[in-house]
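I set out to record the overall build of this protein first, and then one stretch of it in detail. The entries below follow the order in which I looked things up.

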Amino acid sequence: MKICSHCVLNERFPGIKFNRDGICNYCSSAKKKKQPRMGWNKYQEKFMQLISQYKAKGCYDCLVAYSGGKDSTYTLHLLKDKYDLNLLTFSFDNGFQSDGARRNIRNALNNFKVDHWTITPNFEVMKKIFLDAVDTGVHMNKALTRASSICSICITLIRFVGFRLAVDLEIPLVAFGMSPGQASLATGLVKTNARLIRTMQESVFLPLWNRLGDCAKSFFLEERHFRKTEKFPYSVNPLVFTEYKEEKILKIARQYGWEKPDDTDANSTNCLLNSFANQVHIERFGFNPYAYEIAELVRLGCMTREEGLRRLNTDLPQEQIDSAKRKLGLETS
Ligand SMILES: [Zn+2]
């Protein structure tokens, strides 16, 4: 299989072309764009301005989606220690939260000394949503170039739960721990509004509602939320405007009692459904759903190409895949 000589994308990646040197068009066009991470300062300054404007005006300054993974632990460190914000964190137990992640969440929360809510949806509902994602993620679209269909819907639910909580509790900032490979610099700081969130929500919720009915309703915003037009938060992804070096991230996370879980695969530090989600995606489309993120991290110099290839080529743990399939009521191989 042909792989770009600069990043990690292979010939099955949608729309890929290689030049004479074996470099892919994604790398070539990334090179043509001006330095992608030049705007950091601007984002940090803007974020500082928002902090001075909103800090200590309500019960909490910022709501943080905290998965117990290394990236969100580092995000928590930035928001608490560097930006000195009063945080409410929440985690979303999709039914596949690893024991290691649970332990990491407990340790980190004790050390960070922040308030935390755990959202644990009825597993029967999550099961329906995940099985639906397996069935409907058959046709390639832009979202599926960046994540598996299972991962995408789960992240989408977490985002909407976050917006819903932020509007309900009138928290002015809501933060996510997306890496610079998962999210562009432009997503670093976005002022949301009722119209934007409603449009985003309709594109996900209505198709889901058509297929599954009311069961997924509680994750999304209601009319009463959309009426609170002045309470829509800023969405923040601090990692995209901060130096992202895995070694440093792991070092800081460990200072807060975080340990690399031994029960998850090479690309997740919190979710036991990830391997199955990856397997479905790879079998269907011929490339790893983490390839885009890892290729971007390699281009940005946040990860070596060798490490990227190692991540993508590590065998998926069969035992974990079978256990996830059993839990979803699917036949195992
Ligand atoms: Zn490339």
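Entry 1, domains. I note that the domain bounds used here come from an automatic or database domain assignment. On that basis I divided the protein into domain 1, residues 1-33, and domain 2, residues 36-333. The model is predicted. I found the C-alpha centres of domain 1 and domain 2 to lie 27 Å apart. I then looked up the contacts: eleven residues of domain 1 touch 15 residues of domain 2. Sorted by class, the side of domain 1 that touches domain 2 consists of eight nonpolar residues, one polar residue and two charged residues.

I recorded 14 helices and six strands in the protein. Its C-alpha trace spans about 55 × 45 × 40 Å along the principal axes. I compared the radius of gyration with the globule rule: a compact globule of 333 residues would have a value near 20 Å, and the protein agrees, because its own value is 20 Å. I noted that 41% of the 333 residues count as buried. Of the contacts between residues at least 6 apart in sequence, 76% join residues at least 24 apart.

Which residues of helix 14 are buried? In this helix, residues 318-327, I found Q320, I321 and A324 to be buried. They lie on the same side of helix 14, because they cover an arc of only 100 degrees around the axis. On the other side of helix 14, I found Q318, E319 and R326 exposed. Helix 11 (274-285) is included in what covers the buried residues of helix 14. Finally, I checked the backbone just after helix 14, where G329 takes a positive phi of about 80 degrees.

Notes: Residues numbered from 1 in each chain as written. Predicted model: local features only at pLDDT ≥ 70, side-chain atom pairs only at ≥ 80, totals over all residues. Contact = placed C-beta atoms within 7 Å. Nonpolar A, V, L, I, M, F, W, Y, C, P; charged D, E, K, R; others polar. Helix = DSSP H or I, 4+ residues; strand = E, 2+ residues; numbered from the N terminus. Rg over C-alpha atoms; globule rule 2.2 N^0.38 Å. Buried ≥ 20, exposed ≤ 12 C-beta atoms within 10 Å, placed from the backbone. Arc of directions from axis to C-beta.
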